Amino acid sequence: MDDAGVIEGGDVLVTGETIAEVGRGLAVPDGTAEIDASGGILMPGMVDTHRHMWQTALRGLGADWTLTQYFVFYYLNWGRIFRPEDIHAGNTLSAIEAVDAGVTTTVDWSHGLQTVEHGEAAADALRSAPGRFVLAYGNLLGAPWEWTNSPEFRGFVERFGTPDDMLGLQLAFDVTGDPEFPEKAAFEAARDLGLRVTTHAGVWGATNDESIRLMWEGGFMTPGTTYVHAATLTQDSYQRIAASGGSVSVSTESEQSAGQGYPPSWELRRHGIPVSLSMDTSVWWSADLFSAMRATLSADRSREHLEAHSRGDTVVHNRLRAEEVVRWATIGGARALGLDSVIGSLTPGKKADLVLIKNDDAPALYPLLHPYGSVVYQAGRGDVHTVLVNGRVVKHEHRLVGADLAGAKEAVGRTVEYARSTMGEEAWQDSITPELPAAERIPNPYTYTDFDGGDERHRAQRQET
């Protein structure tokens, strides 16, 4: 994913944490461990720029939720029941899931941190898990202008130490559009602490253009700001994001299913806004960025076709290509985090975050004619053969290396038992099967609504007609 483009029959030499050489027929120093990548695709580790990792503890619970039901569950009813150990459990399983799927860097948009003890649990899980992470500290039940300036949070930041490329630190909060702009104090805290901000923007019914205007007029739109979703903004807001150098994290499966707005990649392309990809939360979806790439490319093209058809036109050339979407999932994510000089491409001197896609037993990975097309439309998490993070092998021959998956599952099991018992069985079942709206079927004039197959009179009437 750099200027060298696609190298067929290539080698990558890793020394320690670093990519030492990339090319063909590289000399192999004595004692080097060799991994046969023939018949596969070697690519940079993928980067997920927005994922509520703690919610993995309730994986799949919200499969049939709307965004409103998600807000009611976490913000109004049950978000407060999560203990520090539940945050730790969800983060640990989520981290293991990420590297298993070839996602070597994940932004933990951790808005379940009600106390600094929750924050310590989140950070501890990320430090002990395989992978590269950024802890985006948030508190969905607190006012960001208060908790970002509290002595407790400032103490957490001091104990966290100097963020590095293995574990970074950001602030995660949203701007409601209140004309008083109370979030100003949170942005000032971020500036004082030297931390980037990631914020949900352009979310239908939650955050809008007023949020962007307040940020702009306050001077808080910076190149380091990530705008998550950004799906329902006007052109003026997109122009402000573009002018300030910020980037947008597109969560296509989330936007399509939950209702934040139509995935905005088409608008972002028009305005020249840098794009990265994300999976949002496993309470709905998984850590599978293959799925994100596929959904994003298809959604972008679908809109282009739909708009052309509405004008009576036909799209004869696709504007968005598979290669660009792979870039968003790799170097695009690295740029959004300010890590593009460190990760995101197979470039000598960068850190060795590598993913080998290879599955000799999968018919879908042969032949490999268009590597970008194969990554987006043919490959899946089950095809991830080997993963290196910072030069360390964390998955090989389709099996995790050094990860305590059993222990992570046991911890999450305890969280599930605790949450279910605390909520009560009725609330638990209601969460799994939310109310189903009544369906209204359009009357069909071509249907014999009064026809009875056993009624000779009706049969005769049909014959006469």
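**Buried residues, sheets and pockets in a predicted model**

Leaving aside residues up to four places away in sequence, Ile 273 touches Tyr 238, Ile 241, Ala 242, Gly 246, Ser 247, Val 248 and Leu 268, where contact means heavy atoms within 4.5 Å. The structure is a predicted model, in which local features need pLDDT of at least 70 and side-chain atom pairs count only at pLDDT 80 or more, while totals for chains, interfaces and linings use all residues. Residues are numbered from 1 along each chain as its sequence is written, and side-chain values use heavy atoms, with hydrogens and water left out.

Ile 273 is placed in the loop between α10 (265-271) and β11 (275-277); helices (H or I, at least four residues) and strands (E, at least two) are DSSP runs, numbered from the N terminus. Ile 273 counts as buried because its relative accessibility is 5%, the class being defined as under 20% relative accessible area, with exposed over 50% and partly exposed in between (1.4 Å probe, protein chains only). Between Ile 273 and Leu 13 there are 260 residues in sequence and 34 Å in space, C-alpha to C-alpha.

Ser 237 belongs to helix α8 (residues 235-244). Ser 237 is likewise buried, since its relative accessible area is 2%. Its contacts, when residues up to four places away in sequence are not counted, are Asp 209 and Ile 212. With Asp 209, the side chain of Ser 237 makes a polar contact, side chain to side chain, at 2.5 Å. A polar contact is a pair of N or O atoms within 3.5 Å; within protein, one must be able to donate a hydrogen and the other to accept it, and residues adjacent in sequence count only if both atoms are side-chain atoms.

Strands of a sheet pair through backbone hydrogen bonds, either parallel or antiparallel. The antiparallel pairing of β14 (residues 392-396) with β15 runs over 2 bridges, and His 396 stands opposite Arg 399 in β15. Strands β1 and β2 are also paired in the antiparallel sense, over 5 bridges, with Asp 11 opposite Gly 23 in β2. Their hairpin has 2 residues between the strands, and Gly 16 takes a positive phi near 65° there.

The largest pocket holds about 1,400 Å³ of space. On a 1 Å grid over the protein atoms alone, a pocket is an open set of points where a 1.4 Å probe fits, with protein on both sides within 12 Å along at least five of seven lines, and lining residues have an atom within 4 Å of a point. Grid points are joined across faces, edges and corners, and a volume is the space filled by probe spheres set on the points. Of the 45 residues lining the largest pocket, Gly 10, Asp 11, Val 12, Ala 37 and Leu 42 lie nearest its centre. Elements giving two or more residues to this lining include β1 (11-15), β2 (18-23) and β3. The lining of the largest pocket comprises 30 nonpolar, 11 polar and 4 charged residues, where Ala, Val, Leu, Ile, Met, Phe, Trp, Tyr, Cys and Pro count as nonpolar, Asp, Glu, Lys and Arg as charged, and the others, Gly among them, as polar.

The volume of the second largest pocket is about 490 Å³. Its lining has 29 residues, of which Phe 71, Tyr 75, His 111, Asp 174 and His 200 lie nearest the centre. Helix α1 (67-78) gives the most to this lining, and α4 (144-147) supplies at least two residues.

Technical notes:
Pairing = 2+ DSSP bridges.
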